[in-house]
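Student: Could you take one residue apart for me, then carry on to whatever else deserves a look?

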2 protein chains.
Amino acid sequence: MSLTPIENGSVTSPRGFRAGAVHAGIRSDTPPDVLDVTILIADGEGTTGAAVFTKNRVTAAPVIVSREHIERAAPRAVVVNSGNANAAVGPQGIADARATAEMAANRLGLSADEVLVCSTGVIGVPMPMSVMRGGIEAVEPRADGGHDFAQAIITTDTRIKECAVTVQIGGRTVTVAGAAKGSGMIHPDMATMLAFLTTDAAVEQDCLRRVIGRAVDRSFNMISVDGDTSTNDTVIMIANGAAGNPAVSGGEDEAAIEEAITYVSLELARAIVRDGEGATTLIEINVSGARSDDDARLAARVISTSPLVKTAVFGNDPNWGRVMMALGRSGADVEESRVTLHFNDICVLRDGQAQPFPREEAVERMKRPDVRFDVALGLGDGAATAWTCDFSYEYVRINGEYTT
Amino acid sequence: MSLTPIENGSVTSPRGFRAGAVHAGIRSDTPPDVLDVTILIADGEGTTGAAVFTKNRVTAAPVIVSREHIERAAPRAVVVNSGNANAAVGPQGIADARATAEMAANRLGLSADEVLVCSTGVIGVPMPMSVMRGGIEAVEPRADGGHDFAQAIITTDTRIKECAVTVQIGGRTVTVAGAAKGSGMIHPDMATMLAFLTTDAAVEQDCLRRVIGRAVDRSFNMISVDGDTSTNDTVIMIANGAAGNPAVSGGEDEAAIEEAITYVSLELARAIVRDGEGATTLIEINVSGARSDDDARLAARVISTSPLVKTAVFGNDPNWGRVMMALGRSGADVEESRVTLHFNDICVLRDGQAQPFPREEAVERMKRPDVRFDVALGLGDGAATAWTCDFSYEYVRINGEYTT
């Protein structure tokens, strides 16, 4: 089960996927070189798909429509626009998202239910449907269109986010790839984490759903830039079976495809955090020895959303007191006298007691582009890892100086 | 039930309370004019008391000891030090907190159980007990010592926080007063919210406990500077009956004392938020029309801890999309099509649909020192209010540039 990363891979690295993107002008103020409407299509019948949508109770129209579609049919294509989130516009938003799927379905010779829709951009503004129609008609999906897809889905991201790997399954080399967008809830208008995963492996529907659920829980659900989740967050995976392997349904093959999907998901998730607004440092928080994995997840996530922990990292301050406080309020079971903390491999607290440590060296290690806190609870076998970025002046500038 | 604020009131405004403070030198690096050990004492027998302690699972030694003491006896005195939190120092911390209570009890002619202990300051450093002893022996509680008490409990606060009011109960004029410290978890080393409430009313033990529970839930539990809670957070109330009223046990008298205690608690809580590190604006979030008060509390608190909401206020940005997203992820029951939002009395969203609004005027109103968001959910009668402050460059500077 060894993975081989593909240099410069994209969502069209797996066989039988095509993508294309155009500048349609969804926002009237974007320059003509900004791609804003894109389509990804899996060729051939017999695809399987799985999706995970935002748990936010305030949900954008495309999420509602895509959730309906994937319940009715295996997905064959995704149409994505940036520039407008199609959110908070009332019933018209639902009608527009349905119409978008239909336009794309007509263009591609599919049924509307086989098309999923994602939108990211300003909220509270009706989708310019004639512009959308023009965009969809102009898109020409190509086998080398993956990078254009990755480019068209970003908004305030400073970098595109792509990853692809190969893995052996059922005697075949299969490819798993992905693209994502999201650099924190920078502009409420520009929010949203979107991720699209493709594979040419054949994977049975139920198996794919299980694997995606677990992979998302370990990756996209364990990252935080500022603790807010958007109305449009979506992860979509399509498997088209073009690699010719016997369809994965469990056992070793499931473990192998899961390893590949988790790898790609983690790479994309960490790339989102690294691109968090104003981020200078990627922070990894490993919690072990918890009563349960759920407890470990809770602890890791609360520590990763603490503004005090995030500003301490920005200041290169090995400030373990803040980690202890966030741990204490996390809701996870904690016995102070059993907690041991390492900051970048330096022990700062053992069994609940502060330890003398080499302060200058500890500060030096906090200056690395990647910092790691290991939190050992000493209560059980539960473990989890979360990632976040530091809080900087730039974060406040980007989020404070933007004016609607 | 009308309240009369007392100008320049303090915890010794109620009859039969004395306080004193000294510079003991708990931290070797503090200037000699910094008061760091203080005692508040209620004269006379028959006091009643109530306390609310941090829910953080990582709890400082003085919290553990004070919790034991108040279960055993009615509190007569409080000894507080700044400069050292007596936290994360293992079993020695417990022994030191007990010894502190005993020293103060000997000094004051009380039993140790009648003395509560609070500490705030650096964590992970053993308490300098000989310095503490010197401080306790030097304190001379006086009837006009309330302001010294308020001064001695602060750490990085830029202002002392005091409040006192009178109210008529049982034909007597009784006084309720309080002092607090806390300006956010500025230095993990300097964290902690402490509040001390005094009254010369006679209040039965059970009644006082009920009233304090409700008052704290509506005030100190509804404020957030950065979402973190400390290992030492404590609210303590002592009633000494010096006003000579028939002891309050319920009914109208309970309502009257609750109104006074809630007023003082809210004033102190808002003063803490206003003094939040780097704060330029006090933000009030009113949630109404929730399915329940608990749902309203949840929604108000999640909105008040959103970094995106807080940076938007810093940038004077009437960015209602961020409030909607925080609302949606809060866990409160929300039906988007019923939500109506007002920003400083300007309607920006009605029944889930964005409304055109006068943008310049909305931005102008965001520049006020107090801003208010009204969130109407349209689902029931639940209501709650939370307060927070904006996130500024100064917040990042204070929290990031501090180095342990």
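Student: In which strand of chain A does Thr166(A) lie?

Tutor: Thr166(A) sits in β7 of chain A, residues 161-169 (strands are DSSP E runs of at least two residues, helices H or I runs of at least four, numbered from the N terminus). This is a predicted model, with local features needing pLDDT of at least 70, side-chain atom pairs 80 or more, and totals for chains, interfaces and linings using all residues. Residues count from 1 along each chain as written, chains are lettered from A and ligands numbered from 1 in written order, and side-chain values use heavy atoms, without hydrogens or water.

Thr166(A) counts as buried because its relative accessibility is 17% (buried is under 20%, exposed over 50%, partly exposed in between; 1.4 Å probe, protein chains only). Skipping neighbours within four places in sequence, Thr166(A) touches Ser2(A), Leu3(A), Thr4(A) and Ile6(A), plus Thr173(A), Val174(A) and Thr175(A) (contact: heavy atoms within 4.5 Å).

Now for helix α2(A), residues 91-108. Its 18 residues should span 26 Å at 1.5 Å a residue, and the end C-alpha atoms are 26 Å apart, so the two agree (expected span: 1.5 Å times one less than the residue count). Buried in α2(A) are Gly93(A), Asp96(A), Ala97(A), Thr100(A), Ala101(A), Met103(A), Ala104(A), Ala105(A) and Leu108(A). Those buried residues pack against the chain A elements β3 (37-42), α1 (61-72), β5 (77-84), β6 (115-122) and α3 (129-138). After α2(A) comes Gly109(A), with a positive phi near 70°.
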